[in-house]
Amino acid sequence: MQLSLYNSLTRTTERFQAIDEAGQTVTFYACGPTVYDYAHIGNFRAFLNADVLRRTLESIGYTVNQVMNITDVGHMTEDNLADGGGEDKMQVAANRLTEAKKAGTLPEDSEIDPNDPYAVASFYADAFLEDGEMLGMRIVEDAKQSMDCMPRPTAYIEQMIALIGQLIENTHAYVATDGVVYFDVMSYPEYGKLSGNTLDSLRSGEGGRVDMETQSIKKHPADFMLWKPDAKHLMRWASPWGEGYPGWHLECSAMACALLGDVIDIHSGGEDNIFPHHECEIAQSCCATGNTSFAHYWFHTRFLLVDGGKMSKSKGNFFTLRSLIEKGATPAAVRLELIKTHYRSNANFTMQGLKDAQRQIERWHRLKRWLEQHREHAIDARGPLSQAKDKFMEAMCDDLNVAGAIGALSEAVSAYAVEQEPTVTGEGGTLQDELDALHAMDEVLGVLNLQHEASTTTLAVETIEAMLEERITARDNKDWSRADDIRDELLEMGIEIKDGPEGTSWTRVVQ
């Protein structure tokens, strides 16, 4: 099948064609986390959509060489400014941990020395890798073989310094009177093409996207930092322009070029990365290498809302994978909930949606176990799942239409009565073919091999109670088939129900 993919750079959906089409290899750089805290579910939505894109490419025959950075220096708190502003996020983490240590409130990271930024970064990087593994991210599996695919900027300072030197030599960068090395945006006429910004709008500082305080020392207000001399910065290195640290935008260009080449197939990130981060990456990469493009396709995931609004710790709707698991969610349900809405639409995360995702996965697992039990049973022609696989892949190749793909899968799952022995026989194939088709579709969704059994915590109890309420409604409506289905679904989850004169009760059984 042929993949069609929306390209943020051209603002059109295009037929995907790899640079190495003959060798069927795709180079894919994904903007990863800044490890100054635990990644939240909004971060993971972008990471998981990149994972789904990779899985789709692999399912249609490509080999994907993916790199995802783990930023451990230079990412500033005011990253909406092209120049970068505020504090280094690693400094923020160190300050937060220092205050927590003074207050005696350090949790499991109590062994971290807040004055050692490498230790802080290492702790949160390890936490990210643990979360990524629980959520089935293939790049994390790759990292078990070699961490080269998940590079950290602190290991690529030499390459960054070389890239800056090349930009200065090519007259695309300059040293300002404050000693900072800036990229000269006026030297690159294509600057603004990805984001739609114009140099005139950036000159006026529209949207607070440029640092107005440094206008007098820069050639253009939108010129962005490549290297900043700062002898007091927590993490600093020697350079021809003084001891200091690199700009955030520079890091990804240096690592992508070092590990994947000067021109790559795909670059991904959240929509908040479009400007300034990705815009700056394109400019400095093209100007350093002399190529007309840096990445052929730009893939951006839109924001995740929670209960219709932005995540906020003060509102109590700020979630990490770990906090959701504490509430009884499973990694499989979290993954499905985060990928089921099209990546170019804002997704609305709700606890009810998470429960629905859990139930859907249980249905799929229930069929999977049934197929495994009856895999040798002969069937006529192609079964529902084998037929659904074609529709599933057609949907995924249509700019990752996950909802359409899930719809095709769910329709096929509904065709089976798993509470019964298989009755149809024939010579067209066996139920092993159906099991293979289910596995093939899950190679893209990536949920069936993840932890899917809910624990008896708050969310699990709420899910059980909601299913019991639905069963009562079904019985009241004399929908005996649905009532029986719910009973069987609960049993597969390890929940046994008992109807009596005083209502329905449930107990957890050992599986």
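**Note on buried residues, helix packing and cores**

1. Apart from neighbours within four places in sequence, S253 is in contact with L163, E281, Q284, S285 and F294, where contact means heavy atoms within 4.5 Å. The model is predicted: local features need pLDDT of at least 70, side-chain atom pairs count only at pLDDT 80 or more, and totals for chains, interfaces and linings use all residues. Residues are numbered from 1 along each chain as its sequence is written, and side-chain values use heavy atoms, with hydrogens and water left out.

2. S253 belongs to helix 7 (residues 248-260). Helices (H or I, at least four residues) and strands (E, at least two) are DSSP runs, numbered from the N terminus. Is S253 buried or exposed? S253 counts as buried because its relative accessibility is 0%; buried means under 20% relative accessible area, exposed over 50%, and partly exposed in between, with a 1.4 Å probe and protein chains only. The side chains of S253 and Q284 make a polar contact of 2.9 Å. Such a contact is a pair of N or O atoms within 3.5 Å; within protein, one must be able to donate a hydrogen and the other to accept it, and residues adjacent in sequence count only if both atoms are side-chain atoms.

3. T330 is placed in the loop between helix 9 (321-326) and helix 10 (331-339). With a relative accessibility of 1%, T330 counts as buried. Its side chain is joined to that of Q358 by a polar contact of 2.7 Å. T330 and G132 are 198 residues apart in sequence, and their C-alpha atoms are 13 Å apart in space.

4. The buried residues of helix 4 (residues 138-145) are R138, I139, V140 and A143. Their cover includes helix 1 (41-59), strand 4 (63-68), helix 3 (117-134) and helix 14 (431-445).

5. How do helix 1 and helix 4 pack, and at what angle? The angle is about 80 degrees and the axes are 9 Å apart; axes are lines fitted to C-alpha atoms, for helices over the stretch in contact, and angles run from 0 to 180 degrees between N-to-C directions. Helix 1 is therefore roughly perpendicular to helix 4. Under 35 degrees counts as roughly parallel, over 145 as roughly antiparallel, 65 to 115 as roughly perpendicular and the rest as oblique. From helix 1, D51, R54, R55 and E58 meet R138, I139 and D142 of helix 4. By class, this contact has one nonpolar, no polar and six charged residues. Ala, Val, Leu, Ile, Met, Phe, Trp, Tyr, Cys and Pro count as nonpolar, Asp, Glu, Lys and Arg as charged, and the others, Gly among them, as polar.

6. The largest nonpolar core has 145 residues, and M150, W364 and L385 have the most contacts inside it. Such a core is a set of buried Ala, Val, Leu, Ile, Met, Phe, Trp, Tyr and Cys residues joined through side-chain atoms within 4.5 Å. Beyond neighbours within four places in sequence, the contacts of W364 include L336, I406, S410 and L448. A second, separate core of eight residues includes I464, L468, M493 and I497.

7. Some backbone details deserve attention. The peptide bond from F275 to P276 is cis, with omega near 5 degrees, and P276 is in helix 8 (residues 274-289). Q24, a residue other than glycine, has a positive phi near 55 degrees and lies in the loop between strand 2 (12-15) and strand 3 (25-30). K478 also has a positive phi, near 60 degrees, and counts as exposed at 59% relative accessibility.
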